[in-house]
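Here's a quick briefing to read with the structure open beside you. Take a look at the chains first, then work through the notes.

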Amino acid sequence: MRIAGTRVALVLAWLAPALPLPASAADPEPEGPRSLKLPGLTLHVNLPARDGLHAFYTGRGFPASALAVLDRACFVGISLRNPRDEVVWIDLERWQARGIDGKTVARIDRAGWRSLWEAANVPAGARATFGWTLLPESRDLRFDEPVGGNLTLVRTEQPFTLTLVLPTGTDRAGEPLVVEIPGLRCR
Amino acid sequence: MSTSLRRLAGRLSACLLCLALMFPGTSCAQEVPRGILVLDPRPAPTLKLRDLDGKPFDLAQARGEWVMVHFWASWCGPCRKEMPTLDTLRRINVTGLRMVLVNTAEDEDTAFSFLATVAPELTTLLDPDGTATETWQPRGLPSTFLVDPEGRLRYLALGGRDWGSAEFVTFLRGLRG
């Protein structure tokens with residue numbers, strides 16, 4: 001992790017004694033939530049299980065036919081809080097997921113979901129709820145401001161590493177925070 | 001800007017500062033708690049919805065008082081945590097402040113069941129397709145806007161908080177000036 005020009009190589013595996021991380025990053029098991037409190041950031045990561053996603057969205061108006069669409073995606077639940085006096089930016093275009101084969105795992109953005117839900121005839125209210133469960137594409141986080149939601153990727157069966165690049169400063173010109181989260185697996 | 005105009009602006013600022021110091025209860029002297037974003041005043045978007053009893057509400061009819069417009073959904077964790085504090089605020093009854101809840105994109109039964117459990121004295125407007133919420137562009141759920149008596153957006157509360165705490169009650173009471 002880089003904070004204000006100082007490179008601190010932070011990988012979540014450092015927290016192995018405190019977190020339920022797999023013994024081998026090459027073959028991780030589905031895991032529970034991970035939390036981090038760092039000088040520049042409070043971060044919580046959770047990959048929701050497929051059954052839970054089905055129950056959540058069908059309970060909010062999604063037709064059964066839309067569940068297959070959900071199943072083709074990988075949901076990474078992320079919540080962040082900015083404990084810094086300076087602005088920290090979420091800019092999903094700058095985040096990257098990479099499988100153990102080194103290939104990028106594609107992200108599904110809001111426009112992508114819009115066309116998927118139109119094709120699946122998902123009611124407007126359900127679509128709106130879905131939208132509010134996604135992380136914003138871009139957002140400036142003020143002091144102590146929280147944000148939470150799902151980052152959605154094209155489903156992959158292999159473990160992947162998520163790299164969050166978070167610009168800082170009102171004009172995004174500050175040194176970005178970089179957090180690398182290895183050993184994630186879609187559930 | 002000409003020198004004379006700059007001088008005039010400077011004197012005006014000084015006068016406003018003096019007024020603020022002389023009348024600390026006025027809104028210009030208002031101390032804004034952390035987590036409350038001061039907005040450049042601009043007209044609030046339209047808000048015309050029905051509540052759980054089918055009673056219509058139009059924000060335009062609420063001119064003359066401060067209105068707290070709170071967007072929420074029952075599935076949202078921070079909303080669930082914050083709702084009882086809004087009920088506390090209702091009981092405190094800040095003079096000159098009207099509280100308006102807007103449920104985002106849920107059906108009537110869901111909103112009713114949730115409120116009946118957590119805050120039975122509160123009611124909410126329903127935005128079943130989420131369109132009104134989208135128009136207001138909150139930064140997430142929950143989000144709370146404070147609309148001044150002239151119908152302008154003035155403050156935005158970022159995320160959830162304890163609205164019943166002394167800090168926020170003092171802030172809200174100070175809005176009237």
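The notes below go from the fold of one chain, to a single residue, to the contact between two chains.

Keep in mind that this is a predicted model. Chain B has five helices and eight strands, and 47% of its 177 residues count as buried. Where chain B meets chain A, about 1,400 Å² of area is buried between them, and the count of salt bridges there is three.

**How chain B is put together**

- If you walk along the sequence of chain B, the elements come in the order α-β-β-β-β-α-β-α-β-α-β-β-α.
- Take the contacts in chain B between residues at least 6 apart in sequence: 73% of them join residues at least 24 apart.

**A look at B:Asp87**

- You'll find B:Asp87 in helix H2 of chain B, which covers residues 77-92.
- Is B:Asp87 buried or exposed? Its relative accessible area is 8%, under the 20% cut-off, so B:Asp87 counts as buried.
- The side chain of B:Asp87 makes a polar contact of 2.8 Å with the side chain of B:Arg90.
- Setting aside neighbours within four places in sequence, B:Asp87 also touches B:Ala119, B:Glu121 and B:Leu122.

**Where chain B meets chain A**

- How many residues does each chain bring to the contact? Chain B puts in 17 residues and chain A puts in 16 residues.
- On the chain B side, the residues that lose the most area to chain A are B:Arg34, B:Trp75 and B:Arg139, and together they make up 47% of what that side buries.
- Of the area buried between the two chains, 59% comes from carbon and sulfur atoms.

**Polar and charged pairs across the interface**

- One of the three salt bridges between chain B and chain A pairs the side chains of B:Arg139 and A:Glu145, at 2.9 Å from N to O.
- So what kinds of residues does chain B bring to the side that touches chain A? They split into seven nonpolar, five polar and five charged.
- Five residue pairs are in polar contact across the interface, counting pairs with both residues at pLDDT 80 or more.

Notes
Residues numbered from 1 in each chain as written. Chains lettered and ligands numbered in written order. Predicted model: local features only at pLDDT ≥ 70, side-chain atom pairs only at ≥ 80, totals over all residues. Heavy atoms only, no water. Helix = DSSP H or I, 4+ residues; strand = E, 2+ residues; numbered from the N terminus. Buried < 20%, exposed > 50% of the residue type's maximum accessible area, 1.4 Å probe, protein only. Contact = heavy atoms within 4.5 Å. Polar contact = N/O pair within 3.5 Å; in protein donor to acceptor, adjacent residues only side chain to side chain. Buried area = accessible area lost by both parts, 1.4 Å probe. Salt bridge = Lys/Arg side-chain N within 4 Å of Asp/Glu carboxyl O. Nonpolar A, V, L, I, M, F, W, Y, C, P; charged D, E, K, R; others polar.
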